[in-house]
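The following exercises are to be worked through with the sequence and the coordinates at hand. Each task is followed by a solution in steps.

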Amino acid sequence: MIKLFKVKEKQRELAENASNGVPIKKQSAGELRLHKDISELNLPKSCNITFPNGKDDLMNFEVSIRPDEGYYLGGTFLFSFTVSPIYPHEAPKVKCRTKVYHPNIDLEGNVCLNILREDWKPVLNINTVIYGLYHLFTEPNDEDPLNHDAAAVLRDNPKLFESNVRRAMAGGYVGPTFFPRCM
């Protein structure tokens, strides 16, 4: 057992010497898992991931989604992800940075997606979350809404819902709420 500690200490010394004496930051289990998830991403062409704080900060990143079908065709929607050090035992926190008229996204950017809440399991990964977000744009769900008004319109008058989505994405008002252009 003692020899094992000496080997670890020697490896740490070699690593510090190689980096000019700067101690190497130890990665959390969450960072290691996230690194694996990101390296294995298999995103649709309409999704893109960026790291605004640089590649050294994997725990905070952005995903843009540009649906290629459905009501939101042609729009671009930006989501920020904040990942906890205890990931995957806790779901990532996801916010929509684009103001959007959507039954499952409120005007503050909160997202209603079951796998980000009660259905999260550690076997799920970032790829699954991104596909879930993409699915919200191809098939919005009026049965579990955050924006109850949009959900009611989708349920009761799909043509009006489509018109409202187009108006919002073009940069306009839906009721008293202004939506910046996202096309």
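The model is predicted. From the N terminus on, its elements run α-α-β-β-β-β-α-α-α-β-β, which amounts to 5 helices and 6 strands.

**Exercise 1. Chain overview**

Task: State what share of the 183 residues in the chain is buried, and what share of the contacts with a separation of 6 or more comes from residues 24 or more positions apart.

Solution. Step one: buried residues make up 42% of the 183 residues. Step two: among contacts with a separation of 6 or more, residues 24 or more positions apart account for 53%.

**Exercise 2. The largest nonpolar core**

Task: Determine which residues touch the most other members of the largest nonpolar core, and which element gives the most to this core.

Solution. Step one: the core has 45 residues, of which Leu34, Phe61, Phe79, Phe81, Tyr101, Val111 and Leu133 touch the most other members. Step two: the elements giving two or more residues to this core are helices H2 (29-39), H3 (126-138), H4 and H5, together with strands S1 (47-50), S2 (60-65), S3 (77-82) and S4 (93-96). Step three: H3 gives the most, with 7 residues. Step four: take Leu34 and leave aside its neighbours within four places in sequence; its contacts are then Leu58, Met59, Phe61, Val83, Tyr87 and Ile126.

**Exercise 3. The packing of H4 and H5**

Task: Classify the crossing of helix H4 with helix H5 and describe the residues of their contact.

Solution. Step one: the axes of H4 (residues 148-156) and H5 (residues 158-170) come within 5 Å and cross at roughly 135°. Step two: H4 is therefore oblique to H5, since only angles over 145 degrees count as roughly antiparallel and those from 65 to 115 as roughly perpendicular. Step three: H4 contributes Ala150, Val153, Leu154, Arg155 and Asp156 to the contact, and H5 contributes Pro158, Leu160, Phe161 and Asn164. Step four: these residues divide into 6 nonpolar, 1 polar and 2 charged.

**Exercise 4. Asp37 and the Tyr87-Pro88 bond**

Task: Is Asp37 buried or exposed, and which peptide bond is cis?

Solution. Step one: Asp37 is located in helix H2. Step two: its relative accessible area is 5%, so Asp37 is buried. Step three: not counting residues up to four places away in sequence, Asp37 touches Tyr87, Asn125 and Ile126. Step four: Tyr87 is joined to Pro88 by a cis peptide bond, with omega about 15°. Most peptide bonds are trans. Step five: Pro88 itself lies in the loop between S3 and S4.

**Exercise 5. The cysteines**

Solution. Step three: Cys96 counts as buried because its relative accessibility is 5%. Step four: Cys47, at 8% relative accessibility, also counts as buried.

**Exercise 6. A loop residue**

Task: Where does Asn141 lie, and which residues does Asn141 touch, not counting those up to four places away in sequence?

Solution. Step one: Asn141 is found in the loop between H3 and H4. Step two: with 31% relative accessibility, Asn141 counts as partly exposed. Step three: under the stated exclusion, Asn141 touches Pro103 and Asn104. Step four: the C-alpha atoms of Asn141 and His102 are separated by 9.1 Å, although these residues are 39 apart along the chain.

Notes
Residues numbered from 1 in each chain as written. Predicted model: local features only at pLDDT ≥ 70, side-chain atom pairs only at ≥ 80, totals over all residues. Heavy atoms only, no water. Axes fitted to C-alpha atoms, helices over the stretch in contact; angles between N-to-C directions. Helix = DSSP H or I, 4+ residues; strand = E, 2+ residues; numbered from the N terminus. Parallel < 35°, antiparallel > 145°, perpendicular 65-115°, else oblique. Contact = heavy atoms within 4.5 Å. Nonpolar A, V, L, I, M, F, W, Y, C, P; charged D, E, K, R; others polar. Core = buried A, V, L, I, M, F, W, Y, C linked by side-chain atoms within 4.5 Å. Buried < 20%, exposed > 50% of the residue type's maximum accessible area, 1.4 Å probe, protein only.
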